[in-house]
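Please look over the model below. My notes follow as numbered points.

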Number of protein chains: 2
Amino acid sequence: MGTHDLLWQLALLIISARVLGECASRLGYPAVLGEILTGLLLGPSLLGVIQVTETLHTLGQIGVVLLLFRIGQSSDIQHLRRHGKAGLALATTGVILPLALGFWACRLLGLNETIALMVACTLTATSIGITLRTLSDLKQTDTPISNTVLTAAILDDIMGVILLSLTYQFAVTNSIDLVQTLAVGSSVLVFFLLSPIAARIIATLIRHVADTSHIPGLTSTASLALVLVFAAIAEVIGAPALLGGFAAGLALSHHFMIPIDLETEAEDRFVEKVRQAMHPIEQLFTPIFFVVVGASIDLSQIEWQSPTLLALVTLLTLTGIAGKVVAGLPLLRWPWRDRWTLGIAMMARGEVFLVFAELGRSSGLFDNTLYTALILVMVIITLIAPICLKWMLKPA
Amino acid sequence: MGTHDLLWQLALLIISARVLGECASRLGYPAVLGEILTGLLLGPSLLGVIQVTETLHTLGQIGVVLLLFRIGQSSDIQHLRRHGKAGLALATTGVILPLALGFWACRLLGLNETIALMVACTLTATSIGITLRTLSDLKQTDTPISNTVLTAAILDDIMGVILLSLTYQFAVTNSIDLVQTLAVGSSVLVFFLLSPIAARIIATLIRHVADTSHIPGLTSTASLALVLVFAAIAEVIGAPALLGGFAAGLALSHHFMIPIDLETEAEDRFVEKVRQAMHPIEQLFTPIFFVVVGASIDLSQIEWQSPTLLALVTLLTLTGIAGKVVAGLPLLRWPWRDRWTLGIAMMARGEVFLVFAELGRSSGLFDNTLYTALILVMVIITLIAPICLKWMLKPA
């Protein structure tokens, strides 16, 4: 009956994340910083009281999907479209630069081409979760900057998925199957274009059923099921689950309209109802994700004296930061300060980075020192990214 | 990255439970019936698409703890106290009768004394979850009947825990350690008397912190953490986790007052806020528990032709039902119809029954036929209990 171990762990996790999140927030930093630190503190790095079991991992996944759902729900699709070009430019530069710089740095340190390419790819993926959570903690939602970053982060994730599939194929087979890569890329694109419409149609059905339901709680359960289904579809076609959450959220935002929506007022009331029902659920699950990110890292295993490690960490951290930070500079129409802010906002790495690094290790390409170096790079960037972003967004 | 399997399973589970729950409700039955049927349908008995993994089991446990939290929150401690004596009488008769009848039935069928005792104990435990959910589905909350049943079901659970510890000791060692049994019994009692007060004090602290919190969502996360902590404490001292949920809920009800509560109005607003924040979370998790109960049963493994099985199932079902149904009859102050209703309300078996049966099997006391018979008895009683109760509570 060992359920109580899990109940303790969950209670401890929720309380600690809350306390450290609150501390971070009171010190003026985004709460997400406190939550990642909670993971480092309770995980194997320090106290070792929390193990990332399948249960915890799943709860965290649901958490980040729900975060993206909330962000989708509070997004205005018109605003996103208006910043589409800037977002695309930011994402493209922000993928190419870390790729080139990272490759160069690895070659400089004597790694072979395949490994260098895989490390460079690992450096490309912005953490959509950490970035958007930080912006939301800093009360930046639906501003020109946040909308551009949101568009860029999503495009960045899609590029990341395609890059991952390319590099992994290349690393394993030494050749590239362009057809399969195009298939993955286009199905992700089609999913992303069609799913909000599909989700909206389903939501309209839910709304009509909700009026006649005999048992309470339809809105929250049906909305959550909708989000889970779209997250699962996203994973099946090879995209991160959180994109499914975002698509479902976008569909259930006030600003998303499709031709069948004639009863605008009833729709608006329903959207508001969904928002209110999902809020406590999201607030409960989301911090679990960030704690799990922190607890997935084991700093206690690191040989801190290794000179190779030091060289790798220093060079990769610098290229990892530089590649993103200057990515906003080519956006000539924006004021200088905003161009820097955009780049800094794309700096955080997280879940996708971990997936890349883990793939490199499990495929035998990354040895332990390289893997450890990447984890340290992630920790450093992840901890300073929210601080830098907060500093840039501070009222002058 | 096989998370999408779990996302699918969870989405499928939530949607199916909702659809079958809705169907049951429209046909006039409690929704919980549809949810248990969902488990039988999706679990190994029929389709086999849902496995009761650790994750699902934990989510279900959280669900039943939250159900008891909600029931605690909507309970009036004065009303419970008023029905304390009736509840105690109902619980005692409802434990002694199935124990005696079940023992007699087993002996009649030729089982040895130890096994007969263990089977008889298995028959004693009312399912607090199914019973209270059925009453709540039938809109029976805070009525004399529901309060008596609630008190009786809780006392029944405490007696069940003590009986379990006694019988198990006896079965394994052939002797009984009275000191240890008394220790378990009294710590459960002390927990139950002190925990609502402790929970209320913590809740008052939470309320004061909530006013100054910098990040949203404190009420839901802190309340959930409180519930989880009390559930975990209950498990640690040897009581079912759901008792901890109930104690925390009782502490956060409108009617629970302790000397330090001077700011009644602020307290009332806070209690209401907790109720609203926890509602969507509870509605999400609770059905998972009942689906898990259904999915824990594998009807496909049963040899339906065995005459021993048939005899066991028939006799144990009859004694299991009779032992509870007549338990309300000695309550001389109640009208006849209500006495029958009280007994029928105590009929449902569920989680504790499964724990007993599983313990009997794993300790080698129950062979496969006996275990299977018990599972069938549970399925039959569980499926007819909500139907009978609904029929008794129907306006004449």
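1. Start at the axis. The surface is shared: 100% of the contact residues of chain A recur in chain B.

2. This is a predicted model, where local features need pLDDT of at least 70, side-chain atom pairs count only at pLDDT 80 or more, and totals for chains, interfaces and linings use all residues. Residues are numbered from 1 along each chain as its sequence is written, and chains are lettered from A and ligands numbered from 1 in the order in which they are written.

3. The contact takes 41 residues from chain A and 41 residues from chain B (C-beta atoms, placed from the backbone, within 7 Å). On the chain A side, α1(A) gives the most, with 14 residues.

4. Chain A has 16 helices and zero strands (DSSP runs, numbered from the N terminus: helices H or I, at least four residues; strands E, at least two). Its C-alpha trace spans about 65 × 55 × 50 Å along the principal axes.

5. Of the 396 residues of chain A, 55% count as buried (20 or more other C-beta atoms within 10 Å of the residue's own, with C-beta atoms placed from the backbone).

Technical notes
Buried ≥ 20, exposed ≤ 12 C-beta atoms within 10 Å, placed from the backbone. Contact = placed C-beta atoms within 7 Å.
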